[in-house]
Amino acid sequence: MPVLDNSGHELFAQNIARGKTLTEAQAVAGFSENAGNGVTLRDRPEVTARIQELKSVIAARANVTG
C-alpha cells in the first residue's frame with residue numbers, strides 16, 4: 001500500500017505503528033486530542049491497512065517474525 005493521500009492520516013498511521021497511543025498520534029498529526037476520534041480514524045480501512053504495512057516494515061527491520 002502506498003503512502004496515504006491525506007498527510008494527517010499518514011502521520012497518524014506512522015505514529016501508531018511506532019507505538020504511540022491514539023491520543024499522542026492524533027496530537028502529532030495535528031488533530032485535536034479526542035480518544036473517540038482516534039478510534040474512528042484508526043478503524044478506517046485504509047488507515048488500518050497502512051498501520052499494518054508499517055508495522056511489518058518495522059518488524060522486518062528489527063528482524064522479528066510472527
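Some ground rules come first: residues are numbered from 1 along each chain as its sequence is written, and side-chain values use heavy atoms, with hydrogens and water left out. Because the model is predicted, local features need pLDDT of at least 70 and side-chain atom pairs count only at pLDDT 80 or more, while totals for chains, interfaces and linings use all residues.

The chain turns out to be helical, with 4 helices and 0 strands; here helices (H or I, at least four residues) and strands (E, at least two) are DSSP runs, numbered from the N terminus. Along the sequence the pattern reads α-α-α-α. The radius of gyration is 12 Å, close to the 11 Å that the globule rule gives for 66 residues, so the chain is as compact as a globular protein of that length. That radius is taken over C-alpha atoms, and the rule is 2.2 Å times the number of residues to the power 0.38. Along the principal axes, the C-alpha atoms fill a box of roughly 35 × 20 × 15 Å.

As for what is tucked away, 29% of the 66 residues count as buried, meaning under 20% relative accessible area, with exposed over 50% and partly exposed in between (1.4 Å probe, protein chains only). The largest nonpolar core has 12 residues, among them Phe12, Leu41 and Leu54. Such a core is a set of buried Ala, Val, Leu, Ile, Met, Phe, Trp, Tyr and Cys residues joined through side-chain atoms within 4.5 Å. Helices α1 (7–17), α2 (22–29) and α4 (45–61) each supply at least two residues of this core, and α1 gives the most, with 4 residues. In soluble globular proteins, nonpolar side chains tend to be buried together.

Phe12 shows who meets whom: setting aside neighbours within four places in sequence, its contacts (heavy atoms within 4.5 Å) include Leu22, Ala25, Ala29, Leu41 and Val47.

Arg50 carries a charge counted as positive, yet it counts as buried, at 9% relative accessibility. With neighbours up to four places away set aside, Arg50 is in contact with Met1, Pro2, Val3, Leu4, Glu10 and Ala13. Leu54 is buried too, with a relative accessible area of 15%, and, under that sequence cut-off, touches Glu10, Ala13, Gln14 and Ala17. Leu54 and Met1 sit 53 residues apart in sequence and 9.5 Å apart in space, C-alpha to C-alpha.
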